[in-house]
Amino acid sequence: PLMGKAAAGKKKMILIGEIDSVPKAAVFGCTVSIKQLPQMNFFMSDDLMKSFSKIFKETLSLHASNKQCHLMTIATFTIQAQGVPEIQEMAITLVNEQWIPVENQAEINFVSTLINEHRCFHKELRYNLSIDKPIACATLTDVEQPPIAVYLKTKDYVSQSPDTEELMHVMESSRVDTFLYDPGDENIRPLPRKHIFRQTSD
């Protein structure tokens, strides 16, 4: 998350919502509008706006090319003397049409494939891991064997992706079954087969 100057003595509040439009420049600083709060604009200082544009550049670009996705934010804000809410700290994440968090175009496409094929899965989240550390994109839970963690090979298509050797090492040392999915491979292996679970009568 990005952080602004401390607001000593002011009560902080938490904001969670969907950004309606990317922050726009104002006379001093800029304003942010939240879709769930159309009558309220949140002020953001010049310094915070510069950090916002720099830190979240990749996420903003991804959102610009995938308008069907939603740009979510969690932020803290204070109310200024004039009654204007001012953002103090802010983080954003991109989610798809089904409100599933996605990091890059490869994840957007892969998660869409899982949804279109009616697969059952858990979407894995990065939390505090840096963007260059390999994590599974999703874990398939509708397979006959134990759940399978699916890793995406994106080094050749996505900037700041994990090194392929490190990715393979993580997969090989995993305590769960893994599967490597390469979105750029013309002869891509099909995903592990979906198992149809049927109830059996006693």
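Tyrosine 127 sits in the loop that links strand 8 to strand 9 (138-140). Keep in mind that this is a predicted model. Here's a quick tour of that loop residue, another one like it, the sheet around them and the cysteines.

**Positive phi outside glycine**
- Tyrosine 127 isn't a glycine, yet its phi is positive, near 55 degrees.
- Its relative accessibility is 72%, so tyrosine 127 counts as exposed.
- Histidine 118 also isn't a glycine, and its phi is positive at about 55 degrees.
- You'll find histidine 118 in the loop between helix 3 (105-116) and strand 8 (121-123).
- Histidine 118 counts as exposed because its relative accessibility is 62%.

- Four strands make up an open sheet with mixed pairing, in the order 8-9-10-11.
- Strand 8 and strand 11 (177-181) are the edges, each pairing on one side only.
- From one strand to the next, the twist averages 25 degrees.
- Three bridges join strand 8 and strand 9 in the antiparallel sense.
- Histidine 122 stands opposite threonine 139 of strand 9.

**Helices across the sheet**
- Helix 3 lies across strand 8, strand 9, strand 10 (148-152) and strand 11, and runs at about 160 degrees to strand 8.
- Helix 4 (residues 164-172) lies across strand 10 and strand 11, at about 155 degrees to strand 11.

**Cysteines**
- Searching the whole structure turns up zero disulfides.
- Cysteine 69 has a relative accessible area of 3%, so it's buried.
- Cysteine 120 is partly exposed, with a relative accessible area of 40%.

Conventions
Residues are numbered from 1 along each chain as its sequence is written. This is a predicted model: local features need pLDDT of at least 70, side-chain atom pairs count only at pLDDT 80 or more; totals for chains, interfaces and linings use all residues. Side-chain values use heavy atoms; hydrogens and water are left out. Helices (H or I, at least four residues) and strands (E, at least two) are DSSP runs, numbered from the N terminus. Buried means under 20% relative accessible area, exposed over 50%, partly exposed in between (1.4 Å probe, protein chains only). A disulfide is a pair of cysteine sulfur atoms within 2.5 Å. Two strands pair if DSSP finds at least two bridges between them. Axes are lines fitted to C-alpha atoms, for helices over the stretch in contact, and angles run from 0 to 180 degrees between N-to-C directions. Contact means heavy atoms within 4.5 Å.
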